[in-house]
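Please read it with the sequence and the model at hand.

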Amino acid sequence: MSFTDILLEGLAPDGGLYMPQEYPQLSLDDYQILGEILVHDGYPRLAAHILSLFIDDIPMWDLEKITRQAYSKEKFGTDLIAPVTKLEPNLWLAHLSQGPTAAFKDMAMQVLGQLFDYELRRRSQTMTIVGATSGDTGSAAEFALLDTSRVQVFMLSPLDRMTPFQRGQMYGIDSPRIINITVPGSFDDCQDLVKEVNSDSEFKARFSIGAVNSINWARLVSQVVYYVSSWFRVTEGEGEVSFCVPSGNFGNICAGHVAKMMGLPVKDLVCATNENNVLAEFFRTGVYRIRTSTETFKTSSPSMDISKASNFERFFFDLAGRDSGEIVELFGQQLATKGVIDIRKKPYAGDVSQVYGFKTGVSTHQDRVATIADFYRRPGYLMDPHTADGVMVGREHAGEEPMVAMETALPVKFGSITKEAIGTVPEVPSRFASVMDTAQHTVMCDQGVDQLKGIIEQRSVFPPQ
């Protein structure tokens, strides 16, 4: 399939995830050239060049226009997109939260919104996005698509599992094309409903349903760009780095995996989790055991309160030698029926760390509080709890090469834990001054997929196909 067909399709008809037939391979010289593009022409042009390696049906001049619109100074407050700073001698931080919703999700979602707008106009079509969020994807998607007249959004979020700021940011949007749907339970319950809607091919076709979650390949590959820019900014084009990524749905760190598979000089990819440590358990034991919503803890880093990581299948596909039959057996049969995948006896079990360089670590609430307080006192940097998770675990795994922790969001979104850590709530930037005071608009879905389909039918602003 072409890139734009995959862009609009989102989840594959059989419930699987799209992957490129092969990863483009770049040499160190190629990456140094990309670094020079970053230095002389800026992040938008770097993004266009990297995306062009995967996009086969959008001309380069249009792609550059798309990335310029996505990464504008107006949206990010600066021309310097995704800068890095040194926290400690061998610990760096990639600042990914300068966008309109103060979360790293803006880095990919702004591109995705521009791509949707471009392609839907080219095809004279409309689209219905049905997505799930654990906190930040929802607002990033809604703000990216708010001005796109050819897209309507139905966004599912777990009831009472996001911070007041996150809820205000999402639910405060008053538009007939943005419908926020609350679901009792966890993010995983929201994600399951999205997959059920996508599995109904007739309903999906009738409402032209697509996806903005990281199950959408276009969103994930857009995240590869800031791994390249972070590597160059830290190393100036010489040597390896490791990355530590706060992980819930495995999309962000999967983009790091793709970058490494393309040849970026990455030593380790450190998967940092909170108390919902399904991913950490797998990397430690070789057993992937999903949890129910009642077993999924409500934590102070709520965007990571996930126990079914959608993008994990993508890593498994590479791990299992790109054998689709093996993925169907593991995810479509074993995980679906038993809730467990055990690879300890598989011939590729040792490749997880030895070939692909994955390591892991877990933080607790007290770990995050202590990390926020520590870095606020010394370097004077105030971080959110998800970033604190990554910084703490990255610190533990730092070696001779630079360790780059990936910032997740600004602390303004998580006032409660910030106050616990430093004794005061973070200052609210003027652009977010009204977030907590705006009237909120939501619809409840507590009766399963049929009720969700009914909401889509009733609230759709586009006629069914």
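The lining of the second largest pocket divides into 13 nonpolar, six polar and six charged residues, where Ala, Val, Leu, Ile, Met, Phe, Trp, Tyr, Cys and Pro count as nonpolar, Asp, Glu, Lys and Arg as charged, and the others, Gly among them, as polar. The model is predicted, so that local features need pLDDT of at least 70 and side-chain atom pairs count only at pLDDT 80 or more, while totals for chains, interfaces and linings use all residues. Residues are numbered from 1 along each chain as its sequence is written, and side-chain values use heavy atoms, with hydrogens and water left out.

**Pockets**

- A pocket is an open set of points on a 1 Å grid over the protein atoms alone, with protein on both sides within 12 Å along at least five of seven lines, and a lining residue has an atom within 4 Å of a point.
- Grid points are joined across faces, edges and corners, and a volume is the space filled by probe spheres set on the points.
- The second largest pocket holds about 360 Å³ of space, and Thr163, Pro164, Phe414, Gly415 and Ser416 are the closest to its centre of the 25 residues that line the pocket.
- Helix 8 (164-171) and helix 20 (415-422) each supply at least two residues of this lining, with the largest share, four residues, coming from helix 20; helices (H or I, at least four residues) and strands (E, at least two) are DSSP runs numbered from the N terminus.

**Cavities**

- A cavity is a set of grid points where a 1.4 Å probe fits but cannot get out, and by this rule there are three cavities of 30 Å³ or more.
- The largest cavity has a volume of about 270 Å³, and of the 25 residues that line the largest cavity, Phe104, Lys105, Gly248, Asn249 and Ser303 are the closest to its centre.
- Strand 7 (241-246) and helix 13 (251-261) are the elements that give two or more residues to this lining, and helix 13 gives the most, with three residues.
- The lining of the largest cavity comprises nine nonpolar, 13 polar and three charged residues.

**Helix packing**

- The axes of helix 14 (residues 278-285) and helix 15 (residues 312-319) come within 13 Å and cross at roughly 15°, where axes are lines fitted to C-alpha atoms, for helices over the stretch in contact, and angles run from 0 to 180 degrees between N-to-C directions.
- Helix 14 and helix 15 are therefore roughly parallel to each other, a term that applies to angles under 35 degrees, whereas those over 145 count as roughly antiparallel, 65 to 115 as roughly perpendicular and the rest as oblique.
- Leu279, Phe282 and Phe283 in helix 14 meet Phe312, Phe315 and Phe316 in helix 15, contact meaning heavy atoms within 4.5 Å, and the residues of this contact divide into six nonpolar, no polar and no charged.
- Helix 15 also packs against helix 16, at an angle of about 135° and with their axes 9 Å apart, which makes helix 15 oblique to helix 16.
- In this second packing, Phe312, Glu313, Phe316 and Phe317 in helix 15 meet Ser324, Ile327, Leu330 and Phe331 in helix 16, a contact of six nonpolar residues, one polar and one charged.
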